[in-house]
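This report concerns a single protein model and is meant to be read beside its sequence and coordinates. Please keep both in view while reading.

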Amino acid sequence: MAVEIVGRDGELGSLYASLDRRVTTYGPTAIALEGDAGIGKSTLWRAAVEAAQERGLRVLTSRPAESERGLAYATLGEFVAWIIGWDL
């Protein structure tokens, strides 16, 4: 379900341009959103995920469980395990 994002046209434009470039190339890509807490990174992230899926890109997402938030690279470890077929 799309939510209207107000006042972030520049950021959304950058995200969409990055995704559009990705559609014409091969290989993995990543987008990093940085900034202080509460400025809307999660909203932009959700918009980017939705836009990528609309463009036919495969999107892998993960969020750590509360108990894993302090563990560096816990989510990355789960991705690697998934890729090589380990059942954690």
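The structure is a predicted model. Its largest nonpolar core has 6 residues, namely I5, L12, L15, L44, A47 and A48. Helix 1 and helix 2 each supply at least two residues of this core, and helix 2 gives the most, with 3 residues. In soluble globular proteins, nonpolar side chains tend to be buried together.

L15, one of the core residues, is in contact with I31, L33, L44 and A48 once neighbours within four places in sequence are set aside.

## Salt bridges

The count of salt bridges comes to 2. Side chains of opposite charge can pair when their charged atoms come close.

One of the bridges joins R55 and D20, with an N to O distance of 2.6 Å. R55 lies in the loop between helix 2 (41-54) and helix 3, whereas D20 belongs to helix 1 (residues 9-23), so the pair ties together parts that are 35 residues apart in sequence.

## Helix 3

Which residues of helix 3 are buried? Helix 3 spans residues 74-84, and its buried residues are A74, T75 and A81. These residues lie on the same side of helix 3, because they cover an arc of only 120 degrees around the axis. An α-helix has 3.6 residues a turn, so residues three or four places apart point the same way.

G85 follows helix 3 and has a positive phi, near 90 degrees.

## Nonpolar surface patch

A nonpolar patch on the surface is formed by L60, Y73, L76, V80, W82, I83, I84 and W86. Together these residues present about 960 Å² of accessible area.

Is W82 buried or exposed? W82, a member of the patch, is located in helix 3. W82 counts as exposed because its relative accessible area is 53%, and the cut-off for exposed residues is over 50%. By contrast, A74, T75 and A81 of helix 3 are buried.

How values were computed. Residues numbered from 1 in each chain as written. Predicted model: local features only at pLDDT ≥ 70, side-chain atom pairs only at ≥ 80, totals over all residues. Heavy atoms only, no water. Buried < 20%, exposed > 50% of the residue type's maximum accessible area, 1.4 Å probe, protein only. Helix = DSSP H or I, 4+ residues; strand = E, 2+ residues; numbered from the N terminus. Arc of directions from axis to C-beta. Salt bridge = Lys/Arg side-chain N within 4 Å of Asp/Glu carboxyl O. Core = buried A, V, L, I, M, F, W, Y, C linked by side-chain atoms within 4.5 Å. Contact = heavy atoms within 4.5 Å. Patch = residues over 30% accessible without salt bridge, like charges linked within 9 Å, V, L, I, M, F, W, Y side chains within 5 Å. Areas by Shrake-Rupley, 256 points an atom, 1.4 Å probe, with all protein chains shown as cover.
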